[in-house]
Amino acid sequence: VSQSRYQRNYVLCVLGKNSESNAQKVPSIISFQVDRTPPETFAVTAPTDILTSRKPEITWNPASGASYYEAIVAMDSLCANIFKKVSLTAPKLSDTAIPDGAYYLCVVAKDAAGNSQTASGGSISFTVDATPPGSFSISSPSPSSAVYTHTPEISWTTATGAAAYTYIVSDNSACSNVLMTSQNVTLTSHTLYRDWETD
């Protein structure tokens, strides 16, 4: 069996003696192993965007030799102010409920002997925002009204929590036939510019 400086096999032999120093002829024998080899290094894949699920999935590459992982979701980069600590056998955090907010994740790989390896790069930061913007209404043009211009003004009320809006102009109520659209509109009003049917 291959052995490293951190992992060696041993045999323990024990002989019993009585008060007269008479020893057993046949010792009790067991074999055991000292294992101080930590799991291999690994890294957590940091999310690049805001996570929109309250059970976000964050993954890392498997650490060779690991039996399980200890994942800490915390409020600080040192993972001292712990929100939640979970033990996982798969290399991912996915079934842990986390409310909206900014967090840090620390992951430690552990083997059966208790040796540990912290993810390279330390903690990673992530943000959960699973709350959609609040309700709002279109204020212009008025419902079913006629518009007598080639550049109509459209507007809507503010949606609490919205950073931007997407609008679609269509000729059906399902908005499936897109005639005009724009994403990431940051204002609540916009002038439509289009070559509508000529007079």
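**Notebook: salt bridges, ring pairs and cores**

I began at Asp100, which counts as partly exposed at 30% relative accessibility. I note here that the model is a predicted one.

*Salt bridges*

I asked what Asp100 is paired with, and found a salt bridge to Arg54, with the closest N and O atoms 3.6 Å apart. Arg54 sits in the loop between strand S2 (28-35) and strand S3 (58-59), and Asp100 in the loop between strand S6 (92-93) and S7, so the bridge ties together parts that are 46 residues apart in sequence. I looked up the exposure of Arg54 as well: its relative accessible area is 40%, so I put it down as partly exposed.

I then counted the salt bridges and got 3. Another of them joins the side chains of Lys92 and Glu57, at 3.9 Å from N to O. I placed Lys92 in strand S6 and Glu57 in the loop between S2 and S3; they are 35 residues apart, and the pair links distant parts of the chain. Lys92 is partly exposed at 35% relative accessibility, and Glu57 is also partly exposed, at 48%.

Lys110 and Glu70 form a salt bridge too, with an N to O distance of 3.8 Å. Here I found a link between two strands, with Lys110 in S7 and Glu70 in S4, 40 residues apart. Is Glu70 buried or exposed? I have Glu70 as buried, because its relative accessible area of 17% is under the 20% cut-off.

*Aromatic pairs*

I count 6 aromatic pairs. Phe83 belongs to strand S5 (residues 82-88) and Tyr103 to strand S7, and 20 residues separate them in the chain. Phe83 is partly exposed at 32% relative accessibility, whereas Tyr103 is buried at 4%.

I next took Phe136 and Tyr165. Their centres are 5.7 Å apart and their planes stand at 70 degrees, so I recorded the pair as edge-to-face. Phe136 lies in the loop between S9 and strand S10 (138-140) and Tyr165 in strand S12 (residues 165-170), so this pair ties together parts 29 residues apart in sequence. At 44% relative accessibility Phe136 is partly exposed; Tyr165 is buried, with 9%.

I also traced a cluster in which ring pairs link Phe42, Trp60 and Tyr69.

*Nonpolar cores*

I looked for the largest nonpolar core and found one of 20 residues, in which Val44, Trp60, Leu105, Val107 and Phe126 have the most contacts. Strands S4 (68-74), S7 (101-110) and S9 (124-128) each supply at least two of its residues. Which strand gives the most to this core? I have S7, with 4 residues.

I listed the contacts of Leu105, leaving aside neighbours within four places in sequence. They include Val44, Ile58 and Trp60, then Ala71, Ile72 and Val73, and also Cys79 and Leu93. Further contacts of Leu105 are Gly122, Ser123, Ile124 and Phe126.

I also found a second, separate core of 9 residues, with Trp156, Tyr165, Met180 and Val185 among them.

Notes: Residues numbered from 1 in each chain as written. Predicted model: local features only at pLDDT ≥ 70, side-chain atom pairs only at ≥ 80, totals over all residues. Heavy atoms only, no water. Core = buried A, V, L, I, M, F, W, Y, C linked by side-chain atoms within 4.5 Å. Buried < 20%, exposed > 50% of the residue type's maximum accessible area, 1.4 Å probe, protein only. Contact = heavy atoms within 4.5 Å. Phe/Tyr/Trp six-rings, centres within 6.5 Å; stacked < 30°, edge-to-face > 60°. Salt bridge = Lys/Arg side-chain N within 4 Å of Asp/Glu carboxyl O.
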